Amino acid sequence: MLIMERYFRSPSTWLAVALGVTISAAMLTKGNANALVLMVGLMLLITGRFSLLRQSSLYICGLIVIVLGLPWQFITLRLLSRGSNVVPLSLDLIAKKTLLYMRILVGDLTYPVILLIVIGVAVSLWHARSDSGKEVLLLASASSLLLAIVVFHCLVPVVGGVDPRYMTSAWAPGIILFLSGCRYVSRLGLKNERYFAVRLATIVGGCILFAVSLGALRLNAKDVPLGFSQVASVTLSENRS
């Protein structure tokens, strides 16, 4: 996300290489990281910097991903297909997965937190096309990453692909956008610096709300087995039954 922001702020060949290598390494580490490929396209749409399509460095980044990251993804897809884990992609499947993931996000984070994240995304969309500052591009990068994660998991045609843990990767950009939403709300109608205490209280209150949401999520998971030994014993007991 940080490399993406730097590249869009001041594109260069070495940043493109760093971005391509980072995306490829992530793809080889975890299949969920394929969402980073969507992130590049979403970043272009959010910022409107289509002039980058004329930059050779962007295609160097793409070439690195194709050579280093994509081959293993095709091998993985082939292995999954042999195990009947891949299903045909349809609008009905996409709609069902989207609805389930939205329920998961709302259930985990509560409506107020989701609303503030949406406000953070809206603020980044509003400013990204007219401002090329570091902060604006960082918010745009966080928005593109968050959207890429959600869209990717809604499009993956894998059996039993809906799992709350897949959304944990969205927390990092979500926290950034959440704080952006808190800050924007705290500034509404408050133009004078003497209202600093009110702004600070809004942000702190929002952080407490977010922490409570995560605390509730942790309490809901208290019965989940933790550690290799516990997971192994539960798995073996289920297999015996």
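Colleague: Leaving out residues up to four places away in sequence, what does glycine 120 touch?

Modeller: Glycine 120 touches Leu177, Ser180 and Gly181. Keep in mind that this is a predicted model.

Colleague: Which element holds glycine 120?

Modeller: Glycine 120 sits in helix 5.

Colleague: Is glycine 120 buried or exposed?

Modeller: Buried. Its relative accessibility is 0%, and the cut-off for buried is under 20%.

Colleague: How far is glycine 120 from alanine 142 in space?

Modeller: The C-alpha atoms are 9.6 Å apart. Along the sequence, 22 residues separate glycine 120 and alanine 142.

Colleague: Let's zoom out. How many helices and strands does the chain have?

Modeller: Nine helices and zero strands. From the N terminus, the order reads α-α-α-α-α-α-α-α-α.

Colleague: And what share of the chain is buried?

Modeller: 33% of the 241 residues.

Colleague: What about surface area?

Modeller: The accessible surface of the chain is about 14,200 Å². Carbon and sulfur atoms hold 69% of that.

Colleague: Of contacts with a separation of 6 or more, what part joins residues 24 or more positions apart?

Modeller: 77% of them.

Colleague: Back to helix 5. At what angle do the axes of helix 5 and helix 6 cross?

Modeller: Roughly 160°, and the axes come within 10 Å. Helix 5 covers residues 91–128, and helix 6 covers residues 134–155.

Colleague: Why call helix 5 and helix 6 roughly antiparallel?

Modeller: Because angles over 145 degrees count as roughly antiparallel, helix 5 and helix 6 get that label. Their crossing is left-handed.

Colleague: Which residues meet between helix 5 and helix 6?

Modeller: From helix 5, they include Ile94, Tyr101, Met102, Leu105, Ile117 and Val121. From helix 6, Val136, Leu139, Leu146, Val150 and Cys154 are among them. By class, the contact of helix 5 with helix 6 has 14 nonpolar, five polar and one charged residues.

Colleague: Stay on helix 6. Is leucine 137 buried or exposed?

Modeller: Leucine 137, in helix 6, is buried, with a relative accessible area of 0%.

Colleague: How far is leucine 137 from arginine 6?

Modeller: The two C-alpha atoms are separated by 8.3 Å. Along the chain, leucine 137 and arginine 6 are 131 residues apart.

Colleague: On to helix 1. How do the axes of helix 1 and helix 6 cross?

Modeller: At roughly 130°, coming within 9 Å. Helix 1 spans residues 2–9. Helix 1 and helix 6 are therefore oblique to each other. The crossing is right-handed.

Colleague: Which residues make that contact?

Modeller: Helix 1 brings Leu2, Met4, Glu5, Phe8 and Arg9. Helix 6 brings Lys134, Leu137, Leu138 and Ser141. By class, five are nonpolar, one is polar and three are charged.

Colleague: What angle does helix 1 make with helix 2?

Modeller: About 155°, with the axes 9 Å apart. Helix 2 runs over residues 13–29. That makes helix 1 roughly antiparallel to helix 2. The crossing of helix 1 and helix 2 is left-handed.

Colleague: Which residues meet between helix 1 and helix 2?

Modeller: Ile3, Met4, Arg6 and Tyr7 of helix 1 meet Trp14, Leu15, Ala16, Ala18, Leu19 and Thr22 of helix 2. The contact of helix 1 with helix 2 has eight nonpolar, one polar and one charged residues.

How values were computed. Residues are numbered from 1 along each chain as its sequence is written. This is a predicted model: local features need pLDDT of at least 70, side-chain atom pairs count only at pLDDT 80 or more; totals for chains, interfaces and linings use all residues. Side-chain values use heavy atoms; hydrogens and water are left out. Axes are lines fitted to C-alpha atoms, for helices over the stretch in contact, and angles run from 0 to 180 degrees between N-to-C directions. Helices (H or I, at least four residues) and strands (E, at least two) are DSSP runs, numbered from the N terminus. Angles under 35 degrees count as roughly parallel, over 145 as roughly antiparallel, 65 to 115 as roughly perpendicular and the rest as oblique. A crossing is left-handed if the near helix is turned anticlockwise from the far one by less than a right angle, and right-handed if clockwise. Contact means heavy atoms within 4.5 Å. Ala, Val, Leu, Ile, Met, Phe, Trp, Tyr, Cys and Pro count as nonpolar, Asp, Glu, Lys and Arg as charged, and the others, Gly among them, as polar. Buried means under 20% relative accessible area, exposed over 50%, partly exposed in between (1.4 Å probe, protein chains only). Accessible areas come from the Shrake-Rupley method with a 1.4 Å probe; for residues, only the protein chains shown count as cover.
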